[in-house]
Amino acid sequence: MPRPDRSSSPDRAAKVARIQQATASAERRRGAVIWGSAALVVALIVGAVTWAIVGDRLPVQAYEYQAADHTTEPVDYEEQPPVGGPHHPAWWNCGVYDDPVPAEHAVHSLEHGAVWLTYSPDLPADQVEVLTDLGRQDYMLVSPDPEQDAPVVATAWGHQMTLEEADRGDLTRFIGDYKQGPQTPEPGAACTGGTTENLVAGS
């Protein structure tokens with residue numbers, strides 16, 4: 001008696017079809033897992049980069065002021081300390097000062113690319129020393145300011161950062177970004193040979 005052809009058996013064909021279907025489903029699931037994992041990795045990378053950029057950003061406020069606007073009269077500035085605007089024709093010599101610096105002269109120094117670090121008179125001595133150390137660079141002004149609200153303020157032309165303490169890292173980054181930076185109206189202009197005497201009218 002002849003044996004049946006198993007290759008043509010309906011049961012065998014159905015079994016093969018089920019195996020093929022199961023294999024295809026498994027491949028689809030595996031592909032979905034792979035693509036899902038890849039998407040998760042990309043999302044994590046993008047998130048990490050975004051956090052690094054945003055989380056590491058300095059809290060700098062930007063302002064718009066016209067340069068080369070000279071006056072010998074006192075100026076009522078909107079910000080304290082000021083970040084730009086009309087100023088005395090004589091700039092204040094860069095350096096470290098124990099007394100407040102006339103704003104009208106200091107703003108001219110900012111126009112030349114200086115960074116001005118100011119602090120409340122009651123700032124602890126060790127923090128003042130941090131500012132003094134940073135102020136030993138060229139194009140730097142350091143002085144107390146009894147009228148400012150924040151303990152420490154870093155100012156460049158059109159840019160300002162307030163701090164609760166003299167954070168050397170943040171201040172160093174601010175100086176690197178803005179001293180003689182692209183916002184400077186007169187980069188390379190002198191920060192010496194100006195004045196250390198208040199020449200503002202009525203002073």
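**Fold, pocket and salt bridges of a predicted chain**

The chain exposes about 12,000 Å², and carbon and sulfur atoms supply 55% of that area. Keep in mind that this is a predicted model.

Of the 203 residues, 39% count as buried. The chain has four helices and six strands, in the order α-β-β-α-β-α-β-β-β-α from the N terminus. Among contacts with a separation of 6 or more, 69% are between residues 24 or more positions apart.

Next, the largest pocket. Its volume is about 280 Å³. Its lining has 15 residues, with Gln80, Val101, Ala103, Asp145 and Glu147 nearest the centre. By class, the lining holds ten nonpolar residues, one polar and four charged.

Now the salt bridges. A search of the whole structure gives five. One of them joins aspartate 138 to lysine 179, at 3.0 Å from N to O. Aspartate 138 sits in the loop between helix H3 (125-134) and strand E4 (140-144), and lysine 179 in the segment after helix H4 (168-178), so this pair ties together parts 41 residues apart in sequence. Lysine 179 is buried, at 19% relative accessible area.

Within helix H4, arginine 173 and aspartate 170 are three residues apart, which means about one helical turn between them. Their side chains form a salt bridge at 3.5 Å, N to O. Arginine 173 is partly exposed, at 32%.

Last, a network of salt bridges links Glu129, Asp133, Arg136 and Arg168. Within this group, aspartate 133 pairs with arginine 136, with the closest N and O atoms 3.0 Å apart. Aspartate 133 is partly exposed at 31%, whereas arginine 136 counts as exposed at 55%.

Definitions and conventions:
Residues numbered from 1 in each chain as written. Predicted model: local features only at pLDDT ≥ 70, side-chain atom pairs only at ≥ 80, totals over all residues. Heavy atoms only, no water. Helix = DSSP H or I, 4+ residues; strand = E, 2+ residues; numbered from the N terminus. Buried < 20%, exposed > 50% of the residue type's maximum accessible area, 1.4 Å probe, protein only. Contact = heavy atoms within 4.5 Å. Areas by Shrake-Rupley, 256 points an atom, 1.4 Å probe, with all protein chains shown as cover. 1 Å grid on protein atoms, 1.4 Å probe; cavity = no way out; pocket = protein on both sides within 12 Å on 5 of 7 lines; lining within 4 Å. Points joined across faces, edges and corners; volume = space filled by probe spheres on them. Nonpolar A, V, L, I, M, F, W, Y, C, P; charged D, E, K, R; others polar. Salt bridge = Lys/Arg side-chain N within 4 Å of Asp/Glu carboxyl O.
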